Amino acid sequence: MTENQKPHRGPGRTAAVSRGVLASLVALPCIAAGIAWPAPASASQALAQKYSCVACHQPATKVVGPSWKDIGARYGDGKGTAAQLAASIKAGSSGKWGSMPMPPQAQVPEADAQLLAQWLLDGAR
């Protein structure tokens with residue numbers, strides 16, 4: 001049998017295999033990203049504990065500082081941005097919630113401050 005006489009298998013099998021390989025290559029980074037980046041809410045709850053935010057802030061009760069719920073209510077719904085809130089976390093603030101100042105949290109990396117801020121704006125869920 002010559003090259004031209006070989007039975008035609010059609011594009012279906014080759015295309016299907018190529019699509020399967022391509023889908024696997026596309027899915028792999030997505031799966032890896034899902035493993036590398038936990039869901040934002042659980043990551044931020046863990047970050048709040050890691051950076052001792054829970055010493056002054058609780059989910060629904062004012063302790064030393066406002067509750068996470070109150071922060072979300074004040075700055076959520078477009079009233080503030082994650083960047084603004086992250087800047088307050090890093091630099092500290094005073095007079096926003098009464099006379100007790102929030103000390104600067106310079107040890108919190110910018111990426112973690114952004115995660116925490118967005119988590120608060122999303123209602124700390």
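## The largest pocket

In this predicted model, 34 residues line the largest pocket, and His57, Pro66, Ile71, Ser93 and Met102 sit nearest its centre. A pocket here is an open set of points on a 1 Å grid over the protein atoms alone, where a 1.4 Å probe fits and protein lies on both sides within 12 Å along at least five of seven lines; lining residues have an atom within 4 Å of a point. Helix 3 (68-75), helix 4 (82-91) and helix 5 (110-121) each give two or more residues to that lining, with helix 4 giving the most, four. Helices are DSSP runs (H or I, at least four residues), numbered from the N terminus.

The lining splits into 19 nonpolar, 13 polar and two charged residues. Asp, Glu, Lys and Arg count as charged, and Gly goes with the polar group.

## A look at Ser93

Ser93 is in the loop between helix 4 and helix 5. Ser93 counts as buried because its relative accessibility is 18% (buried means under 20%, with a 1.4 Å probe and protein chains only). Setting aside neighbours within four places in sequence, Ser93 contacts Ser88, Pro101 and Met102 (heavy atoms within 4.5 Å).

## Leu120 and its partners

Beyond residues up to four places away in sequence, Leu120 touches Trp68, Ile71, Gly72 and Leu85.

## Ground rules

Residues are numbered from 1 along each chain as its sequence is written. Local features need pLDDT of at least 70, side-chain atom pairs count only at pLDDT 80 or more, totals for chains, interfaces and linings use all residues, and side-chain values use heavy atoms, leaving out hydrogens and water.

Key
Buried means under 20% relative accessible area, exposed over 50%, partly exposed in between (1.4 Å probe, protein chains only).
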